[in-house]
Amino acid sequence: MSNLDQLTKVTSCEGHAKTSCIEALPTRDSILGEGMKIRRALPQRDRPMVGAWCFLDHFGPLAIGSGDGIRVGPHPHIGLQTVTWLIEGEVFHRDSLGYQQLIRPDQLNIMTAGRGIVHSEETPSEHSDRVHGLQLWVALPDTDRHTESAFEHHPALPRIERDGMDITLLVGEGQGEQSPARMFTPIVGYDIALTDSGARAFELDPSYEHAVLLTDGMITIDSEIMAPSMLYYLGMGRDALTISNESPARFAIIGGAPFGEKIILWWNLVARTTEEISQARDDWEAHRYFGEVEGYDGPRLVAPALITRLKAR
Ligand code: MN
C-alpha cells in the first residue's frame, strides 16, 4: 500500500509507561491507490508507533462488484516490512524480486523492503464480491534496515481456539505459539474472531506495548467499549485483558517492545535522516537504484515533492 496524508493532533497516554491507560485514537479516512477509501490507524501524530508497528491501514469491507477494487501501481519501499492480512476477498501482489502472489483470507504476506523493493497490489480479474483486510508496516531496526529485500507468503498460520475465540497468530510469539513470519524486533500481531458471547481473559506480554483495532462487531476490553474506526492504545505492563462481547466480533491486537529508535516515515519510505529519504525519492523518480515490477497494467506511482526538512520521531 502507499501513504500520503496529514496527521491530526490527539490526546495521549504520556509515553509508554502507564499500565492501565487506554487511549482512544480516531482513524482517519485516506485514499489508497486509484481511489479506494480506507481508514488509517497509524501513524498518529502523538502515537507514531506501537512497538515496531509504524503504519496500519484498514481497508473495506467494500463491495467491489464489477469495479476495479484495489489498484496500487508500482511504488518503492525502504527500511520497513509490509504485513498484509486478508479477512475477505483477494489481492494480487507483484514485486521487483519477481514474486507474483495471490493472497486470500487467513493468509499473510510479509515483504521485507530492507535496502529497497518495488511492488504493486491489485484486485485480480477474478475476485469475490468484497474485499476486507489490513496492511501494516513494521519499521526495521538500524542493524537490519539495509538488509536484502525478501518476500514471504504464509498460507497457514498458528491458530488457537478457546473460550469462544478463534485466534490467529500473525507474527511473533504468543499464546504458546510462534509465527513462521521472519521479523526483526520483539513483536506480536493477532487476528481474533469471537465466535461465542461472554467474557474471557487474553494473556499479553507485559514487556510489550499493545493496541487494538476492531474490524467487525463490538467488543469491550476491561471496561472500555471499543468502537469501530478507532485505534485503542493500551500502554505497557499488562499481563492480560478481559475481552467481552454479546455478538460475533473480530479485531486485531498488535504489540511489541517499544522501538527505541526514532524514525522518519515519509511517503512509502522509512529512514533516519532527511538526506536518506531525499536520496531514495530522487532515485525512484530518476528510475535508478530500485528494480522494476513486471506485468502491472498501469502507471507507477509518482513520489510527492519533498519540500521540508523531516524530523525523526
Ligand atoms: Mn506498498
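How many bridges pair strand 18 with strand 21 (residues 230-235), and in which sense? The two strands pair in the antiparallel sense over 4 bridges; the points below start from there.

1. Basis. This is a predicted model, in which local features need pLDDT of at least 70 and side-chain atom pairs count only at pLDDT 80 or more, while totals for chains, interfaces and linings use all residues. Residues are numbered from 1 along each chain as its sequence is written, and side-chain values use heavy atoms, with hydrogens and water left out.

2. Strands here are DSSP runs (E, at least two residues), numbered from the N terminus, and two of them pair if DSSP finds at least two bridges between them.

3. Burial of strand 18. Buried means under 20% relative accessible area, exposed over 50%, and partly exposed in between (1.4 Å probe, protein chains only). Of the 8 residues of strand 18 (residues 209-216), 7 are buried, so the strand is largely enclosed by the rest of the structure.

4. Histidine 210. This residue is found in strand 18. Its relative accessible area is 1%, so histidine 210 is buried. Contact means heavy atoms within 4.5 Å. With neighbours within four places in sequence left aside, histidine 210 is in contact with residues including Tyr232, Tyr233, Leu234 and Gly235. Val50, Val188, Ile253 and Ile254 are also among its contacts.

5. An open sheet has the strand order 2-3-4-11-6-9-12, with antiparallel pairing. Its edge strands, strand 2 (28-32) and strand 12 (150-154), each pair on one side only. From one strand to the next, the twist averages 20 degrees (axes are lines fitted to C-alpha atoms, and angles run from 0 to 180 degrees between N-to-C directions). Leucine 32 stands opposite methionine 36 of strand 3.

6. Another open sheet runs in the order 17-22-19-20, and its pairing is antiparallel. Strand 17 (198-203) and strand 20 (224-226) are the edge strands, each pairing on one side only. The twist here averages 30 degrees from one strand to the next. Strand 19 (residues 219-221) is joined to strand 20 by 3 bridges, in an antiparallel arrangement; isoleucine 219 stands opposite methionine 226.

7. Nonpolar cores. A nonpolar core is a set of buried Ala, Val, Leu, Ile, Met, Phe, Trp, Tyr and Cys residues joined through side-chain atoms within 4.5 Å. The largest has 42 residues, and those with the most contacts inside it are Trp53, Leu56, Val83, Leu108 and Val171. Strand 11 (residues 130-139) gives the largest share of this core, 5 residues. Apart from neighbours within four places in sequence, valine 171 is in contact with Trp53, Val83 and Leu108, among others. A second, separate core of 24 residues includes Met165, Tyr190, Met226 and Ala249.

8. Aromatic pairs. Rings of Phe, Tyr and Trp (its six-membered ring) pair if their centres lie within 6.5 Å; planes under 30 degrees apart count as stacked, over 60 as edge-to-face and the rest as tilted. The structure holds 6 such pairs. Tyrosine 190 and phenylalanine 202 have ring centres 4.9 Å apart and planes at 85 degrees, so the pair is edge-to-face. Tyrosine 190 lies in strand 16 (residues 187-194) and phenylalanine 202 in strand 17, so the pair ties together parts 12 residues apart in sequence. Tyrosine 190, at 4% relative accessibility, counts as buried, as does phenylalanine 202 at 0%.

9. The cluster at Trp284. Trp284, Tyr289 and Phe290 form one aromatic cluster. The rings of tyrosine 289 and phenylalanine 290 have centres 5.1 Å apart and planes at 90 degrees, so this pair is edge-to-face. Tyrosine 289 is partly exposed, at 46% relative accessibility, whereas phenylalanine 290 is buried at 8%.

10. Charges over rings. A charge sits over a ring if NZ of Lys or CZ of Arg is within 6 Å of the ring centre and within 35 degrees of the ring normal. Arginine 300 lies over the face of tryptophan 284, at 3.5 Å from the ring centre. Arginine 47 lies over the face of tyrosine 233, at 3.7 Å from the ring centre.
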